[in-house]
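The notes after it are grouped by topic.

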Amino acid sequence: MSKVFYDLCANPFFGLFLTVGSFYIGDLVAKKVKSPLANSLLIAMIICVAVLKLFHIPYEDYMKGAQYVTFFLVPVTAMLGLSIYRQRKVLKEEFFPIVIGCLGGSLLSMGSTVILCRMLALHSEMLYSLFPKSVTTAIAIDVSTQLGGLKSVTMMAVVICGTAGAILHPIIIRMLRLKDPVAIGVAFGTASHAVGTAKALEIGEVEGAVSGVAVGVAGICTVMIALFI
Amino acid sequence: MNMKILKQLTLILAICLAAEALVAFLPFAFPSSVAAILILAILLGAKLLKEQQIQETADFMLKNMALVFVPLAVGMVEDLELLKGQAAGFLIVVGISLILTFLGTYGTVRLVQKCMSRLMKKGGKKHE
């Protein structure tokens, strides 16, 4: 019985089924519970890890199927081109504030990471992994891998930036009484990527639209800056 | 309907392939995902591609984008021990930098907006 079970888990369909199925459940739960902590990715991850640990299924066996999902990273990210195009009106009206804001924010994100890592004497692998932490996952992982960082550490930092940002930024906005919707949108998108954008959309339409553009523009800015390192 | 999705998927995959080709020719390392974003935005902006030609498939991908990160997130949990001894430093760097980035970006945008409105006023006076 157990041999049949583990042979089945080593079949690519197992990893595919677990990934898509757990995401489906995560999506259902996230729609019911409206909280930045209850996002579909986080729930899907917990379900997958729990199943693998509970039944002692090796990660390699899971990846035999799951790798086909990861393969769609590039086409899915490419669709950000469409969301930038859809926001072309805002982008045209506020071109310089958005582009310079994204560039400044990306420089600050990367610069502060370098300085803080040096101050805390973290090793350079950690520095390269944290370098692109504020941009959307696909771009962050590409930049981190190119520089010699660790994919998993980058992923952790990106997830934290998104979730912590969605919780902290509204508090900062309230405390400092920040008002400008365009500036708030750019700040959300540049500091906390797509997860921040979801939160920005709750604050307002302009905030959400600008944040969506900022995710793409900040990603491009980060890649450009990383070229010079 | 089925044919529509097939056509849209073909177009999207063609863009990805074009991005990979472009990146291979560039003399420096450039992520193919970003090249694909730029190609798609340029094609749409130049009206060489219409939004309707990829709409349904693209919206499905945008809506469920997080799905492709599930395997990576599972791998991340497997690799948690990479942080051993550095977890505190890791959290401090990410936390402080996150808040600085948010405030800095907000400030930069406001600064640019103020500079621009001042320039506009000056420009306006000249024309009068």
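What percentage of the 229 residues in chain A is made up of buried residues? Buried residues account for 55% of them, where buried means under 20% relative accessible area with a 1.4 Å probe, protein chains only. This is a predicted model, in which local features need pLDDT of at least 70 and side-chain atom pairs count only at pLDDT 80 or more, while totals for chains, interfaces and linings use all residues. Residues are numbered from 1 along each chain as its sequence is written, chains are lettered from A and ligands numbered from 1 in the order in which they are written, and side-chain values use heavy atoms, leaving out hydrogens and water.

**Chain A**
- Chain A has 13 helices and zero strands, taken as DSSP runs (helices H or I, at least four residues; strands E, at least two) numbered from the N terminus.
- The C-alpha atoms of chain A fill a box of roughly 65 × 40 × 35 Å along the principal axes.

**Interface between chains B and A**
- In contact (heavy atoms within 4.5 Å) are 68 residues of chain B and 91 residues of chain A.
- The buried area, meaning accessible area (1.4 Å probe) lost on putting the two parts together and summed over both, is about 7,200 Å², and carbon and sulfur atoms give 83% of it.
- On the chain B side, L98(B), F102(B) and Y106(B) lose the most area to chain A, together 10% of what that side buries.

**Salt bridges**
- Four salt bridges are counted between chain B and chain A, each a side-chain nitrogen of Lys or Arg within 4 Å of a carboxyl oxygen of Asp or Glu.
- K53(A) and E78(B) meet through their side chains in a salt bridge at 3.1 Å, N to O.

Definitions and conventions: Buried < 20%, exposed > 50% of the residue type's maximum accessible area, 1.4 Å probe, protein only.
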